[in-house]
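Subject: Structure for you to look at

Hi,

Here is the structure I promised to pass on. Please open it first, then read my notes below with the view beside you.

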Amino acid sequence: MDKLRIAGGRFLKGRVAVAGAKNAALPALAATLLTDDAVELTNLPRVRDVRTMLRVLEQLGATVNETGAGAATVRVGRLQSFEAPYDLVKTMRASVLVLGPLVARHGRARVSLPGGCAIGERPINLHIDGLQKMGADITIEHGYVEAKAKRLRGASITFPFKTVTGTENLMMAATLAEGTTRLGHCACEPEIVDLAELLVSMGAVIHGAGTEDIVIEGGQPLRGARHRVIPDRIEAGTYLCAGALIGDGIEVVGARADHLEAALTQLAACGVVIERTGEVLRVLRPERLVARDLRTSPHPGFPTDMQAQYMALMTQASGTALIAETIFERRFMHVGELQRMGANIRIDGRSAAVTGPTRLTGAQVMATDLRASACLVLAGLAADGVTVVDRAYHLDRGYESMETKLGALGASIERIR
Ligand code: EPZ
């Protein structure tokens, strides 16, 4: 199993380009199931989760043509299967995004239940409830969700709390449903807006994506389209934290600052200066980083996907930062590993008190999930000595060649077996 070996203490210099957003690419790929025309997607990040989604589509019967770096044309003519198998879904729970499009277009779907995850239980009951309200007949047996519907029909659905992929799944299904669907208390993430833009370019009628109330006028068959996926705000945020931690004026290129406001505001409150020039964010590491409390929340709040990276930063800040994780019930798996490196962190339920600055020392650590692995890489960059991050496959799921990008910024980082 691959590991990353990091010799810490080297200041990062130069520019790093942000790839396309994993969490926009995955629903965009699932949306190709809604038409039998070809859909061309560009700026797809070269990460393992995108590969997995392409495999799910191929095994359903899609023809996938990879037309160069980060571009793929997908055409789903006749389906050869309705099933998203356990072997694929267990490696990437976002495979559940094929459920809505499959039942909406093909009247049937059989998708493995994703099961538990390192960061929380993560049930998909809201996806299922919504499809049932649209008239799908759903059974759960042998670890699979089986959905059937001659034709979905529009419905009014209000989410009890915000769900990103839940909003995406029902928005996609509603585009082919008979009549109008009103979704209330929706998630407002930029990835949902990007998906709606793709669907509209395929001929769908959608109002309000990016707000809590989305209206979809369904019923029209959808056509092919060409769509460029938005940049990855979480990857950008990760490099902003790296720059604030151990950078010497690095520039993060290609990010959408308007997708990162909460993170930029939080970093500024810690004393980090970020200069914005067009698509370039230049990070100036302060002499003294100030500890600031944090509360994760749905967009436009501070993203839970940046909580771990922010925690690594707070280990080097003066004072105590109280970090409250409100989205997932088990998203502190990185704490034990940071403590092994010398961090002073006390967990109390879904909050963690990080007191700093403490000297981090290199150690062998274990990644448990995608963002925890990014956190450990950041800590390794700032630590004295050598850190070895085991299970680097977690990182590969969502970061495009992180060690190459960090190496280009002057970090001493290599992949070892
Ligand atoms: C998306 O996951 C992202 N994944 C996650 O990014 C991200 O952490 C999360 O949104 C929150 O921002 C993708 O977009 C592919 P949710 P999702 O449904 O949609 C509960 C990363 O690191 N819930 O918004 O699965 C759920 O358990 C990943 O890139 C239900 O109870 O998250 C959680 O506590 C990790 N029932 C909360 O809602 C449901 O049916 C929010 O989850 C659905 C969700």
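Let's begin with a loop. P357 sits in the loop that runs between β21 (351–356) and β22 (364–366). The peptide bond between G356 and P357 is cis, and its omega is about 0°. Keep in mind throughout that this is a predicted model.

There is another cis bond to find. Go to H299 and P300: the peptide bond from H299 to P300 is cis, with omega near 15°. P300 is in a loop too, between β18 (294–295) and α10 (307–314).

One more loop residue deserves a stop. R122 lies between β7 (108–112) and α5. Its phi is near 50°. That is a positive value, and R122 is not a glycine.

Now the ligand. How many residues surround the ligand? The count is 21. The closest are N125, T163, T165, D305 and I327. By class, the shell holds nine nonpolar, six polar and six charged residues.

Which helices supply at least two residues each to this shell? They are α1 (22–31), α5 (125–133), α6 (164–176) and α12 (370–382). Helix α5 gives the most, with three residues.

- K22: an N or O atom of its side chain is 2.9 Å from an oxygen atom of the ligand.
- T163: a side-chain N or O atom lies 2.6 Å from an oxygen of the ligand.

How much of the ligand does the protein bury? Taken alone, the ligand exposes 840 Å². The protein buries 88% of that.

Next, the sheets. Strands of a sheet pair through backbone hydrogen bonds, either parallel or antiparallel.

Take the sheet with β14 in it. Four strands form an open sheet, in the order β4-β5-β3-β14, and the pairing is mixed. Why is one side of β4 (63–66) and of β14 (225–228) left without a neighbour in the sheet? Both stand at the edges, each with a single partner strand, so one side of each has no neighbour there. On average, neighbouring strands of this sheet are turned by 15° against each other, direction ignored.

Look at one pair in that sheet. Strand β3 (residues 38–42) and β14 run parallel, and four bridges link them. V39 faces A225 in β14. Helix α7 (residues 190–201) lies across β3 and β14. It runs at about 160° to β14.

Another open sheet has four strands, in the order β2-β15-β17-β16. Its pairing is mixed. The edge strands are β2 (15–17) and β16 (273–277), and each pairs on one side only. Neighbouring strands here are turned by 20° against each other on average, direction ignored.

Inside this sheet, strand β15 (residues 251–253) and strand β17 (residues 280–284) run antiparallel, joined by three bridges. V253 has V280 in β17 as its bridge partner. Which helix packs on this sheet? It is α8 (residues 233–246), which touches β2, β15, β16 and β17. The direction of α8 makes about 30° with that of β17.

Best wishes

How values were computed
Residues numbered from 1 in each chain as written. Predicted model: local features only at pLDDT ≥ 70, side-chain atom pairs only at ≥ 80, totals over all residues. Heavy atoms only, no water. Near = heavy atom within 4 Å. Polar contact = N/O pair within 3.5 Å; in protein donor to acceptor, adjacent residues only side chain to side chain. Areas by Shrake-Rupley, 256 points an atom, 1.4 Å probe, with all protein chains shown as cover. Nonpolar A, V, L, I, M, F, W, Y, C, P; charged D, E, K, R; others polar. Pairing = 2+ DSSP bridges. Axes fitted to C-alpha atoms, helices over the stretch in contact; angles between N-to-C directions. Contact = heavy atoms within 4.5 Å.
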